[in-house]
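Here is a short briefing on one protein model. Please look over the sequence and the fold before reading the points below.

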Amino acid sequence: MRRPSCHRISLLSFEFASIVQDVKGSGEPLVLIHGAFADARIWAPNLDELSQRFQVITVSLPGAFRSQDSGDHSAEEHVAAIADLIDSMPEGAHVLGHSRGGRIAFHLAAMRPQGVRGLVLVEP
């Protein structure tokens, strides 16, 4: 069993918006995308378990908690922001999306199939 690495929080700025990412664990990257009316904190109960196997990257989408961006963003802008994040990972990442996050993950996989190593959609 791997020991999880330190938890890191950072603000990433892209062309369309800024997102907050939290990173915990080591291993293959796994990006978790929250649904509408939520933020990265929704994944807290799952982080310890997932971070034993993956480098878990939770994001707060533009307009969500800690994003420092209160603008009204379209799903397309959310997809573009996550695509920029995936593009920064040379080997791509597994992506899990819940609700609206599932829709974003689905469109991301269609837009950047080479960057999405695995896809899980929960109540898309």
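Trp43 sits in the loop that links strand 3 to helix 1 (44-50). The model is predicted. Trp43 is buried, because its relative accessible area is 10%, under the 20% cut-off.

**Around Trp43**
- Beyond its neighbours within four places in sequence, Trp43 is in contact with Leu32, Ile33, His34, Thr58, Leu96 and His98.
- Trp43 and Val59 are 16 residues apart in sequence, and their C-alpha atoms lie 9.7 Å apart in space.

**Helix 3 (residues 100-111)**
- Its 12 residues should span 16 Å at 1.5 Å a residue. The end C-alpha atoms of helix 3 are 17 Å apart, which agrees.
- Which residues of helix 3 are buried? They are Gly101, Gly102, Ile104, Ala105, Leu108 and Ala109.
- These residues cover an arc of only 160° around the axis, so they lie on the same side of helix 3.
- An α-helix has 3.6 residues a turn, so residues three or four places apart point the same way.
- The buried residues of helix 3 pack against strand 3 (28-33), helix 2 (75-87), strand 5 (93-98) and strand 6 (116-122).

**Helix 2**
- Buried residues of helix 2 include Ala75, His78, Val79, Leu85 and Ile86.

**Surface patch**
- Phe106, Leu119 and Leu121 form a nonpolar patch on the surface. Together they have about 250 Å² of accessible area.
- Leu121 belongs to strand 6. Leu121 counts as partly exposed, because its relative accessibility is 33%.

Definitions and conventions:
Residues are numbered from 1 along each chain as its sequence is written. This is a predicted model: local features need pLDDT of at least 70, side-chain atom pairs count only at pLDDT 80 or more; totals for chains, interfaces and linings use all residues. Side-chain values use heavy atoms; hydrogens and water are left out. Helices (H or I, at least four residues) and strands (E, at least two) are DSSP runs, numbered from the N terminus. The expected span of a helix is 1.5 Å times one less than its number of residues. Buried means under 20% relative accessible area, exposed over 50%, partly exposed in between (1.4 Å probe, protein chains only). The arc is that of the directions from the helix axis to the C-beta atoms. Contact means heavy atoms within 4.5 Å. Patches are made of residues with over 30% relative accessible area and no salt bridge: like charges are joined within 9 Å, nonpolar side chains (Val, Leu, Ile, Met, Phe, Trp, Tyr) within 5 Å. Accessible areas come from the Shrake-Rupley method with a 1.4 Å probe; for residues, only the protein chains shown count as cover. A salt bridge is a side-chain nitrogen of Lys or Arg within 4 Å of a carboxyl oxygen of Asp or Glu.
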